[in-house]
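Thank you all for coming.

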Amino acid sequence: MGEPDGDILTLDELAVYLKAGKRTIYRLAAGGEIPAFKLGGTWRFSRSDIESWIKQQSAGSPERATNKASNKASNKADWK
């Protein structure tokens, strides 16, 4: 399978594009955490929607960063 080059990506192509596991992409799509739609029972992704989603994830809100930091602290406390 080569580089994804269309406007609509399959799950496999998006996994290559994001350098992520197919199971991770599937979980994000099924959970509504990443922009996706189903076509004939299989997930499809708009390249432009994914690029916008990436920018939103990269920008992050201060609230999100705070939640991540508190979750990490909480997780570390659980391991002690």
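This is a predicted model: local features need pLDDT of at least 70, side-chain atom pairs count only at pLDDT 80 or more; totals for chains, interfaces and linings use all residues.

Residues are numbered from 1 along each chain as its sequence is written, and side-chain values use heavy atoms, with hydrogens and water left out.

The protein has 4 helices and 3 strands, where helices (H or I, at least four residues) and strands (E, at least two) are DSSP runs numbered from the N terminus. Along the sequence they are arranged as β-α-α-β-β-α-α. Of the 80 residues, 19% count as buried, and buried here means under 20% relative accessible area, with exposed being over 50% and partly exposed in between, for a 1.4 Å probe and protein chains only. The exposed surface comes to about 6,000 Å², of which carbon and sulfur atoms supply 52%; these areas come from the Shrake-Rupley method with a 1.4 Å probe, and for residues only the protein chains shown count as cover.

Now to helix α1, residues 11-18, whose buried residues are Leu11, Leu14 and Ala15. Those residues lie on the same side of α1 because they cover an arc of only 105 degrees around the axis, the arc being that of the directions from the helix axis to the C-beta atoms. What do the buried residues of α1 pack against? Their partners are β1 (8-10), α2 (22-30), β3 (42-46) and α3 (47-59), with contact meaning heavy atoms within 4.5 Å. After α1 comes Lys19, with a positive phi near 55 degrees.

Taking α3 in particular, its axis and that of α1 come within 12 Å and cross at roughly 35 degrees; axes are lines fitted to C-alpha atoms, for helices over the stretch in contact, and angles run from 0 to 180 degrees between N-to-C directions. On the α1 side the contact is made by Leu14, Tyr17 and Leu18, and on the α3 side by Arg47, Ile50, Glu51, Trp53 and Ile54.

Finally, Ser46 sits in strand β3 and counts as buried because its relative accessibility is 14%. Leaving aside residues up to four places away in sequence, Ser46 touches Asp7, Ile8 and Phe37.
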